[in-house]
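The following explanation is intended to be read alongside the sequence and the coordinates.

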Amino acid sequence: MLNLYGLTLSKLEQLMLEEGQKSYRATQLYTWIYEKRATSFDEMSDISIKFRDVLKEKYCLDLPTIHTKQVSQDGTVKLLLSLQDGYKVECVLMRYSYGCAACVSSQVGCNMGCSFCSSGILGKQRNLQPEEMVGQILVLNQILKEENKGQHITHVVVMGTGEPFDNYDNVLDFIKIINHPKGLAIGARHITVSTCGIVENIYKYADEHMQTNLAISLHAPNNELRSALMKINRAYPLEKVMEAVKYYEKETKRRVTYEYLLLEGINDTKEHAQQLIKLIKGTMGYVNLIPYNETNKDDRFHRSSGNRVHAFLDYLMKGGVTATIRKEFGSDIDAACGQLKAKVEEAGL
């Protein structure tokens, strides 16, 4: 059955026309699904019983189910969700003073093979469909509703398991659904998509002229080190990535965020900071320094000490680069991408 959570409004309009309905029926369904939070077609009282029967026969509003839930002392919630085919994906609820953010996965597993990341341990099993990404937000919204605090997801980062630009079309539809005023109405400036640097799709995304935020998972300031940490760099070296970033900035007038995971003694020296300053000079972007979330599976990588993190930040700022240190969430749970799933699968749960 076709899951209506996976359709943009324009695709749903076309579907309604194929069903012999007027195109406005799509807006009617969107209102029930996203504004009124209906979870069954029987609730849609202004749609004829006859057409509701058609909807029940051919379409569904299925959501992922919660397999494992972890709640941090800081209020962060991490979920391992079971999909219809039995695969599992992670998503995270993070609480800020300005709202609630969802970190969403875009694939089951990941093929990028970054050496410091738990997401790619088993490789990519498949892409997520738009309804499976929308479903992550809706399940998190259900949790917020149960808390009875009048909150809902206001910000979305596509930074969970998977490479979003390796699932480009589905991710694009997902963004259109959650951004649409009749959908989840999450503002474009509140949506961030992260890529490790699939260059042709950075150009493609620039040409969409969407006003969302783009983040580049950089993590190293030179090709030799980046290729050792991230095999994607062998296909898309830094100079190609930076050319694409400059095109993106020119087309969208939006600056990018450079994500930089600090690894003790590997990429966190003054020399690395100087190389990073030189690399991103001439772009509008800023650097988001990320403390590493260590795993028990790999003793090659360790988080940089607080002193080294702040020294690196100081080098960048004195070099004219705007930089911040990412706030940490869920430090007492399996917070990093892929950690909870790997833990559950290892235990055979």
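This is a predicted model: local features need pLDDT of at least 70, side-chain atom pairs count only at pLDDT 80 or more; totals for chains, interfaces and linings use all residues.

Aspartate 85 takes part in a salt bridge with arginine 126, in which the closest N and O atoms are 2.8 Å apart. Because arginine 126 belongs to strand S8 (residues 126-127), while aspartate 85 sits in the loop between strand S4 (77-82) and strand S5 (88-96), the pair ties together parts that are 41 residues apart in sequence. Arginine 126 has a relative accessible area of 19%; since the cut-off for buried is under 20%, arginine 126 is classed as buried.

Arginine 126 has a further partner: its side chain also meets that of glutamate 132 in a salt bridge, at 2.8 Å from N to O. Glutamate 132 counts as buried, with 12% relative accessibility. In general, side chains of opposite charge can pair when their charged atoms come close.

The structure holds 16 salt bridges. One of the others is formed by the side chains of arginine 303 and glutamate 328, at 2.7 Å from N to O. This pair links distant parts of the chain, 25 residues apart: arginine 303 is in the loop between strand S13 (286-291) and H11, and glutamate 328 is in the loop between strand S14 (323-325) and helix H12 (339-346). Arginine 303 is partly exposed, its relative accessible area being 32%, and glutamate 328 likewise counts as partly exposed, at 38% relative accessibility.

The packing of two helices may be considered next. Helix H5 (residues 168-179) packs with helix H6 (residues 199-208) at an angle of about 30 degrees, and their axes are 12 Å apart. H5 is therefore roughly parallel to H6, because angles under 35 degrees are placed in that class. The crossing of H5 past H6 is right-handed. On the H5 side, the contact is made by Tyr168, Asp169, Leu172 and Ile175, and on the H6 side by Asn201, Lys204, Tyr205 and Glu208. Sorted by class, the contact comprises four nonpolar, one polar and three charged residues.

Beyond H6, histidine 209 is found in the loop between H6 and strand S11 (213-217). Although histidine 209 is not a glycine, its phi is positive, at about 55 degrees. Its relative accessible area of 42% makes histidine 209 partly exposed. Arginine 37, also not a glycine, has a positive phi of about 60 degrees. Arginine 37 lies in the loop between helix H2 (24-35) and helix H3 (49-58), and at 35% relative accessibility it counts as partly exposed.

What is the place of valine 309, and is this residue buried or exposed? Valine 309 is located in helix H11 (residues 306-318), and it counts as buried, with 7% relative accessibility. Leaving aside residues up to four places away in sequence, valine 309 touches Leu262, Leu289, Ser304 and Ile325. Between valine 309 and glutamine 275, the separation is 34 residues in sequence and 16 Å in space, taken from C-alpha to C-alpha.

Conventions. Residues are numbered from 1 along each chain as its sequence is written. Side-chain values use heavy atoms; hydrogens and water are left out. Axes are lines fitted to C-alpha atoms, for helices over the stretch in contact, and angles run from 0 to 180 degrees between N-to-C directions. Helices (H or I, at least four residues) and strands (E, at least two) are DSSP runs, numbered from the N terminus. Angles under 35 degrees count as roughly parallel, over 145 as roughly antiparallel, 65 to 115 as roughly perpendicular and the rest as oblique. A crossing is left-handed if the near helix is turned anticlockwise from the far one by less than a right angle, and right-handed if clockwise. Contact means heavy atoms within 4.5 Å. Ala, Val, Leu, Ile, Met, Phe, Trp, Tyr, Cys and Pro count as nonpolar, Asp, Glu, Lys and Arg as charged, and the others, Gly among them, as polar. Buried means under 20% relative accessible area, exposed over 50%, partly exposed in between (1.4 Å probe, protein chains only). A salt bridge is a side-chain nitrogen of Lys or Arg within 4 Å of a carboxyl oxygen of Asp or Glu.
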